[in-house]
Amino acid sequence: MPGNISYLIIGNGIAGVTAAELLRNEDSAADITVIADDPFPVYYRPALKDYLAGRVREDKLWARPNSFYQDHRIRFLSDRVLGIQAGQHTVQVQSGREVTYDRLLLANGARASRLNCPGTDLVGVTTLRTVADYQAVVSHLGTSRRIVVSGSGTLALETIETLRHRGYQVTHLLRKRTFWSEVLDATASDLVLQQERRDGVDVRLEEEIAELMGKNGEVSVCRWIALCAQALRIYMQRVISSKRQIQ
Ligand SMILES: Cc1cc2nc3c(=O)[nH]c(=O)nc-3n(C[C@H](O)[C@H](O)[C@H](O)COP(=O)(O)OP(=O)(O)OC[C@H]3O[C@@H](n4cnc5c(N)ncnc54)[C@H](O)[C@@H]3O)c2cc1C
């Protein structure tokens with residue numbers, strides 16, 4: 001490969017970092033930049049579930065040593081990409097600057113969908129995707145009794161199991177009648193549902209969070225409403241609720 005090519009990688013997940021590592025092995029002269037809107041160094045996302053369960057310590061989440069970026073001469077920019085001008089070989093980032101590149105790799109992965117209701121900015125309401133999300137959940141567990149989880153995939157189920165094992169009362173809201181509908185048929189979904197209920201989880205089908213209310217900036221009430229089945233929107237939302245209203 002010719003030297004002095006500038007590679008720009010959007011995403012500091014396992015895909016982006018592995019690409020940067022391989023590029024450095026192939027091209028010792030390349031200028032490599034990784035941009036991500038998550039300030040943490042690369043971590044094992046699947047291990048976050050074990051971190052919540054208390055099986056993995058925070059220092060074991062990191063997928064590369066501290067010196068990784070420096071050792072591999074990889075520039076890391078903590079910023080959010082807002083736009084790509086492929087014709088000009090530039091990307092615009094939130095801080096206002098433009099970053100130029102010769103070659104661009106998109107390794108921007110996925111995002112958790114967010115609830116679209118009042119109160120999502122209250123302390124104690126979070127999605128489950130990043131280290132910061134999990135740190136927020138872990139830091140609130142000590143003051144929580146009841147947790148509302150919204151979502152119908154394996155992450156929701158595994159999280160609920162963990163929380164239940166840790167002694168929390170959990171309410172599980174599903175927007176549809178079934179779990180993980182891309183994979184499970186109605187019979188399989190029903191078996192999971194029965195098991196969750198046997199385990200003491202308060203499962204509510206075809207319900208959606210309508211509003212989150214709080215005291216002193218912290219969530220204290222979760223109000224939800226019955227839904228007719230609509231297109232599936234997968235998200236993971238945790239709230240702590242001391243009181244609830246059902247309409
Ligand atoms: C809690 C949890 C548990 C999981 N458990 C498993 C499991 O057990 N087994 C399994 O196979 N998979 C699991 N997954 C899924 C797995 O983690 C993903 O498939 C994997 O993280 C994908 O890696 P990635 O590098 O492609 O993208 P991601 O890890 O999503 O990384 C994307 C990167 O792009 C950055 N980014 C995105 N948009 C922008 C932007 N506009 N500007 C700047 N940066 C941006 C992000 O900050 C991030 O650094 C789990 C996921 C989660 C959240």
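Me: Which residues are closest to the ligand, and how many surround it?

Reply: In this predicted model, 24 residues surround the ligand, and the closest of them are G11, G13, A15, R45 and G109.

Me: Which elements supply at least two residues of the shell, and which gives the most?

Reply: Helix α1, strand β2 and helix α2 (47-53) each supply at least two residues of the shell around the ligand, and α1 gives the most, with three residues. In terms of domains, the shell draws at least three residues from domain 1 (6-106) and at least three from domain 2 (112-246).

Me: Ok, stay with α1 for a moment. Which of its residues are buried, and what do they pack against?

Reply: Helix α1 covers residues 14-26, and its 13 residues reach 18 Å from the first C-alpha to the last, close to the 18 Å expected at 1.5 Å a residue. Its buried residues are G16, V17 and A20, and seen down the axis of α1 they fall within an arc of 95°, so they line one face of the helix. Those buried residues pack against β1 (6-10), β2 (31-36) and β3 (74-78).

Me: And what is on the other side of α1?

Reply: On the other side of α1, the residues L22, N25 and E26 are exposed.

Me: Switching topic: how many helices and strands does the protein chain have, and how much of it is buried?

Reply: The secondary structure of the protein chain comes to six helices and 14 strands, and buried residues make up 26% of its 247 residues. Among contacts with a separation of 6 or more, 61% are between residues 24 or more positions apart.

Me: Let's look at single residues then. Where is I160, and why is it called buried?

Reply: I160 lies in helix α5, which runs over residues 154-165, and it counts as buried because 21 other C-beta atoms lie within 10 Å, where the cut-off is 20 or more. Leaving aside residues up to four places away in sequence, I160 touches V149, V170, H172 and V201. Of these, V201 is 41 residues from I160 in sequence, yet the two are 8.1 Å apart in space, C-alpha to C-alpha.

Me: What about L173, buried or exposed?

Reply: L173 is buried, with 23 other C-beta atoms within 10 Å, and it lies in strand β9 (residues 169-173). Not counting residues up to four places away in sequence, L173 touches V148, S150, R204, E207, E208, I209 and W224. The C-alpha atoms of L173 and I209 are separated by 7.9 Å, although these residues are 36 apart along the chain.

Me: One more thing, backbone angles. What is the phi of H89, and what is the phi of E206?

Reply: H89 has a positive phi of about 55° although it is not a glycine, and E206, also not a glycine, has a positive phi of about 50°. For context, most residues other than glycine have a negative phi.

Me: Where do H89 and E206 lie in the chain?

Reply: H89 lies in the loop between β4 (81-85) and β5 (90-93), while E206 lies in the loop between β10 (202-204) and β11 (207-215). H89 counts as partly exposed because it has 15 C-beta neighbours inside 10 Å, and E206 is likewise partly exposed, with 15 other C-beta atoms within 10 Å.

Key. Residues are numbered from 1 along each chain as its sequence is written. This is a predicted model: local features need pLDDT of at least 70, side-chain atom pairs count only at pLDDT 80 or more; totals for chains, interfaces and linings use all residues. Helices (H or I, at least four residues) and strands (E, at least two) are DSSP runs, numbered from the N terminus. A residue is buried if 20 or more other C-beta atoms lie within 10 Å of its own, exposed if 12 or fewer, and partly exposed in between; C-beta atoms are placed from the backbone. Two residues are in contact if their C-beta atoms, placed from the backbone, lie within 7 Å. The expected span of a helix is 1.5 Å times one less than its number of residues. The arc is that of the directions from the helix axis to the C-beta atoms. A residue is near a molecule or strand if its C-beta atom, placed from the backbone, lies within 6 Å of it. Domain bounds come from an automatic or database domain assignment.
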